[in-house]
Amino acid sequence: MTSYEAAKEKYAKIGVNTDEAIEKLKNIPVSLHCWQGDDVTGFDHEGPLTGGIQTTGNYPGKARTPEELMQDIEEVIKVTPGKKKLNLHACYAIFEPGEFADRDKIEPKHFAKWVAFAKKHNMGIDFNPTYFSHDKVKNGLTLSSPDEETRRFWVEHGKACIRISEYFAKETGIPCVMNIWTGDGFKDIPADRMSPRMLYKKSIEEILEQPFDKNLVKVTVESKVFGIGVESYTTGSAEFTLSFAAGHDGVLPLMDNGHYHPTEVVSDKIPALLCFFPEIALHITRPVRWDSDHVVLFDDETKEMAKEIVRNDALNRVFMALDYFDASINRIGAWAVGFRSWQKALLNALLLPNEKLKALQNEAKMSELMVWQEELKTMPFGDVWEEYCKREGVVSGPEWFDEVKKYEKEVLSKR
Ligand SMILES: [Mn+2]
């Protein structure tokens, strides 16, 4: 008997079918963020990353061109199991030599190479307007700027991104999640907290005037609590974005783990929002003290988030995307650890006897529930993970990193 067969029997005894869990996991798309490969730089500008976000570290070998970034993504695909979607930011537009289009003028053709890449790997594409790292960010504001010319520029950017998102959906045959996030806010105490929010509301409403098929483009709005240099006030706060999504048909709320106060957890917010929204979206990351965008690990909160999605039968209602960037370690290793961790969290959730646990709660058998929850932690999860990786054609143990080391030696170290 193999270790997998033994594990399968143990799980069967608690009413869990491991083969079914593996089959289900294979087909759950998770969005892989392109920006881990180049520290959120992109290809449409020179200059630093701005807008309240920051990458730390200067590990050698970062991708400098679209070709390098695509090559790196292929390396991540090699060492990670599971179905993927590609997540792009508008600043990753690819221009021909001598060609340039500013953010308000970008077109589908500037992303044709990404579409070809996604098709090659059977991936859908998600998209994000880029409201940072640009000289039209005026006094830290974009969509909530009181300067009409600035605000209009960024509204036009949003509309251009809806057109590009629809192009992605049509080309790949898979709906595109388009996420609106801005770092708009103030470093110090503002004199007027409401006017920027009224402008932000008006701006997103104007972006949504762009005609599009709501089945093809899922517009999401992401909240934030603060950013670097904008510690005192964020226009797109949790209450703002949640209310906006609730009040606008076809707009989904997007929650990022790092965008709440440190004792708040997204795992508890997922079921709260599922009571009201047909669909929601997530940016899965790991905040450490602040919105630090650390690599996702197979830790308690990550596990809890996956449990809430799986046990509420919401796998087809929650759009899952990774969103972190670490420049202090091998970027491909960072990418792959995060993707593998979320896969583990989903598999872990799929291997729980969720109906039994719910029944214990409903019968108020709380000591028995605690006993079960603790005993389940030592079930042979690793053997099922190993089998899943095997079926997906990737290495299950730490040896997967050998491939990344080889790639670092042969490719990254020569950049
Ligand atoms: Mn995010």
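Two residues are taken to be in contact if their C-beta atoms, placed from the backbone, lie within 7 Å. The structure described here is a predicted model, in which local features need pLDDT of at least 70, side-chain atom pairs count only at pLDDT 80 or more, and totals for chains, interfaces and linings use all residues. Residues are numbered from 1 along each chain as its sequence is written.

Beyond its neighbours within four places in sequence, Gly227 is in contact with Gly52, Ile53, Gly183, Gly185 and Thr234. Gly227 counts as buried because it has 23 C-beta neighbours inside 10 Å; the cut-off for buried is 20 or more other C-beta atoms within 10 Å, with 12 or fewer for exposed and partly exposed in between. The C-alpha atoms of Gly227 and Trp290 are 9.0 Å apart in space, while the two residues are 63 apart in sequence.

Attention now turns to the nonpolar core, defined as a set of buried Ala, Val, Leu, Ile, Met, Phe, Trp, Tyr and Cys residues joined through C-beta atoms within 7 Å. The largest such core holds 105 residues, of which Ile125, Leu282, Leu322, Leu346 and Leu347 touch the most other members. Helix α10 (residues 331–350) supplies the largest share of this core, with 12 residues. Apart from neighbours within four places in sequence, Leu346 is in contact with Leu25, Ile28, Ala306 and Val310.

Leu346 also takes part in helix packing: Ala21, Lys24 and Leu25 in α2 meet Gln343, Leu346, Leu347 and Leu350 in α10. By class, this contact of α2 with α10 comprises five nonpolar, one polar and one charged residues, where Ala, Val, Leu, Ile, Met, Phe, Trp, Tyr, Cys and Pro count as nonpolar, Asp, Glu, Lys and Arg as charged, and the others, Gly among them, as polar. Helix α2 (residues 18–26) packs against α10 at an angle of about 140°, with the axes 9 Å apart; axes are lines fitted to C-alpha atoms, for helices over the stretch in contact, and angles run from 0 to 180 degrees between N-to-C directions. The two helices α2 and α10 are therefore oblique to each other, given that angles under 35 degrees count as roughly parallel, over 145 as roughly antiparallel, 65 to 115 as roughly perpendicular and the rest as oblique.

Notes:
Helices (H or I, at least four residues) and strands (E, at least two) are DSSP runs, numbered from the N terminus.
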